[in-house]
Amino acid sequence: MKDLPAGGPPRYPVLLSAAGLAIFLGVWEATVRTGLLPPAWVPAPSAVPLALVREIRNGIWITAVGDSLSHYATGVIIGSLLGITVGAAVALLPRFDAAQAWVARLLRPIPPLAWIPFALIWFGASQTAAAFIIGVGVFWLNYFASQSAVRAVDSGLIELAAAFGQGGFFRRLWKVVLPAASPGIFSGVRSGLGQGWMAVVAAELFGIPGVGQRMTEAAGVLATDVLVLYMLTIALLYGLTDFLFELITNRAMAWTRQ
Amino acid sequence: MDTPVTKAPPAAPEAIVKLQGLAFAHPNDTSGRNVLAGLDLVLPRGGFTAVVGPSGVGKSTLLRVVAGLARPSAGEVRLLARPRPDRRPAALVFQDARLMPWRQVAANVAFGLEGLHLSAAERRRRAQEALALVGLAAEADKWPAQLSGGQRQRVGLARALAVEPDLLLMDEPFSALDAITRHTLQDELLRVWQKTGASVLFVTHDLDEAAYLADRVVVLGGTPARVVHELTLDMPHPRLRGALAEEVAGLRRALEQNFVGGAGI
Ligand SMILES: Nc1ncnc2c1ncn2[C@@H]1O[C@H](COP(=O)(O)OP(=O)(O)OP(=O)(O)O)[C@@H](O)[C@H]1O
Ligand SMILES: [Mg+2]
């Protein structure tokens, strides 16, 4: 062990990481307790669990999370399905590709959050507006991922389908193109899941009910403990969706890991 | 297929494939250069025909045309197989096995069966049978990536056998394998051929392989390619690998002559 250079791998990396986190929280707590930082700027970490208990007791936490999850799910599911479908169609149908090329070039550089004003005009400060904003961003991610995944499908497998009587458009699509492209499509969906949470917070800062709106309210009265609580809530929700999707991916894509 | 009723002499075997004045140019080759032209060939039902020829002459192209994957630009391809709902008239074995990595071995073998009128139980049974025929019954639940090159090639063969084709088309199926595996698979193929009674059209650039397997060897040559030489081999199987030197030498001569001829004399 003494031969290891100073920068070598630590013997107990988990212990070190836990110690690092403890020190971080301890220093943070100390700076607030000693009045070095005013609580109106930063809450003490110990205040956050208390805030959680309060927010759960008064029922706001569950409502906010439920609202956010509901338009997140709507936006992500619709945006992903549309993105995958249109992306695959672009890759498979040269005429459709040509027809949509300039429209896509025109619309795609618009940042999804730039749609917020229109979403509010069209749908008001509603779940639909939030789902729309989330869906726009998710759409483009999936559009590109699915398009390049479908284009990259081995032409030999297409020939195989034809040689064994499965060369018709839909059979080929279902039995060869989509499975072959699925790793790329799945990774597109996964990045959409991440970007979706970003859009959730942004949309709700504009008054659509959910976690982000509760954050705006808390910020207004300098309830920084509540603010941090909801920041962590979003992180938890993102981590959870990403983890669940990874489980699904691992099951569906078992063949890529042999 | 409505063949004209002719009083063929009893010795003439029934044909499975008739190619007449076949020509083929790649549709996206702007020069319009023919790869095949004026190619006539009749394959007898139940026969084992090998096709040899220099690289790039058009052997794979010929197989693709016979398999119906490419449309001839002139001439005629007639596949005289009776259409049946539970079998395919022809099936192809690729040089690169070409398995679908997302399907386990049994599902890869069942791929061609999914286009036929078969119940799920029948598909499973036929896939199992085909796997047993190539000695891979125990590997049914493996992923293609877990197989050796020889095993992958066997799966490709099983997939073709599962649809019980009248005509088995094989494009250099063993050329990527080591000599020992290749010899094993050659013997297996002969066994399967004799057992199933399928007709085989086997492309190879290995003259020893052609002479060992086939009862007839067709040499393709020239640009555009046509049949420049034919050799009938009527020795019974199993043949002695070392005892075919004369036949192989004859094939090599035919190949070399036509290679020079093809180069412009
Ligand atoms: N997609 C294509 N477009 C245009 N020309 C092609 C295409 N594919 C093949 N060719 C040409 O057709 C000719 C015949 O090709 P083919 O693959 O049939 O040869 P082969 O006899 O099977 O050769 P090998 O022994 O190397 O496999 C070649 O000259 C090749 O350049
Ligand atoms: Mg070839």
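Author: Let's begin with B:P224, which sits in the loop between β8 (216-221) and β9 (226-232) of chain B. Keep in mind that this is a predicted model. The peptide bond leading from B:T223 into B:P224 is cis, and its omega is near -10 degrees. Further along chain B, the loop between β9 and α7 (245-262) holds B:P238, and here too the backbone has a cis peptide bond, joining B:H237 and B:P238 with omega about -5 degrees. As background, most peptide bonds are trans and most residues other than glycine have a negative phi.

What is the phi of B:R98? It's near 55 degrees, a positive value in a residue that isn't glycine. You'll find B:R98 in the loop between β5 and α2 of chain B. And what does the side chain of B:R98 meet in a salt bridge? The partner is A:E159, with 2.6 Å from N to O. This pair crosses between chains: A:E159 belongs to helix α7 of chain A, while B:R98 is in the loop between β5 (90-93) and α2 (105-110) of chain B.

A:E159 has another partner across the boundary. Its side chain also meets that of B:R64 in a salt bridge, at 2.5 Å from N to O.

Now zoom out to the interface around A:E159. On the chain A side, 18 residues are in contact with 22 residues of chain B. About 1,800 Å² is buried between the two chains, and carbon and sulfur atoms give 69% of that. Which residues of chain A lose the most area to chain B? They are A:E159, A:F164 and A:W255, together accounting for 37% of what the chain A side buries.

In chain A, the axes of α7 (residues 155-163) and α8 (residues 169-205) come within 10 Å and cross at roughly 140 degrees. The two helices, α7(A) and α8(A), are therefore oblique to each other, and α7(A) passes α8(A) in a right-handed crossing. From α7(A), the residues A:L157, A:I158 and A:A161 meet A:R172, A:V176 and A:V177 of α8(A). Sorted by class, that contact has 5 nonpolar, no polar and 1 charged residues.

For comparison, here are two further helix pairs in chain A. Helix α5 (residues 116-123) and helix α6 (residues 127-151) of chain A pack at an angle of about 150 degrees, with their axes 9 Å apart. Their crossing is right-handed. On α5(A) the contact is made by A:I116, A:A119, A:W122 and A:F123, and on α6(A) by A:T128, A:A129, A:F132 and A:I133. The residues of this contact between α5(A) and α6(A) divide into 7 nonpolar, 1 polar and no charged.

The other pair is α3 (residues 60-92) with α10 (residues 224-252), both of chain A, packing at about 45 degrees with their axes 12 Å apart. That angle makes α3(A) oblique to α10(A), and α3(A) passes α10(A) in a right-handed crossing. Here A:I60, A:W61, A:A64, A:V65 and A:Y72 of α3(A) make the contact with A:L229, A:Y230, A:T233, A:L237 and A:T241 of α10(A). By class, the contact has 8 nonpolar, 2 polar and no charged residues.

Key:
Residues are numbered from 1 along each chain as its sequence is written. Chains are lettered from A and ligands numbered from 1 in the order in which they are written. This is a predicted model: local features need pLDDT of at least 70, side-chain atom pairs count only at pLDDT 80 or more; totals for chains, interfaces and linings use all residues. Side-chain values use heavy atoms; hydrogens and water are left out. Axes are lines fitted to C-alpha atoms, for helices over the stretch in contact, and angles run from 0 to 180 degrees between N-to-C directions. Helices (H or I, at least four residues) and strands (E, at least two) are DSSP runs, numbered from the N terminus. Angles under 35 degrees count as roughly parallel, over 145 as roughly antiparallel, 65 to 115 as roughly perpendicular and the rest as oblique. A crossing is left-handed if the near helix is turned anticlockwise from the far one by less than a right angle, and right-handed if clockwise. Contact means heavy atoms within 4.5 Å. Ala, Val, Leu, Ile, Met, Phe, Trp, Tyr, Cys and Pro count as nonpolar, Asp, Glu, Lys and Arg as charged, and the others, Gly among them, as polar. Buried area is the accessible area (1.4 Å probe) that two parts lose on being put together, summed over both. A salt bridge is a side-chain nitrogen of Lys or Arg within 4 Å of a carboxyl oxygen of Asp or Glu.
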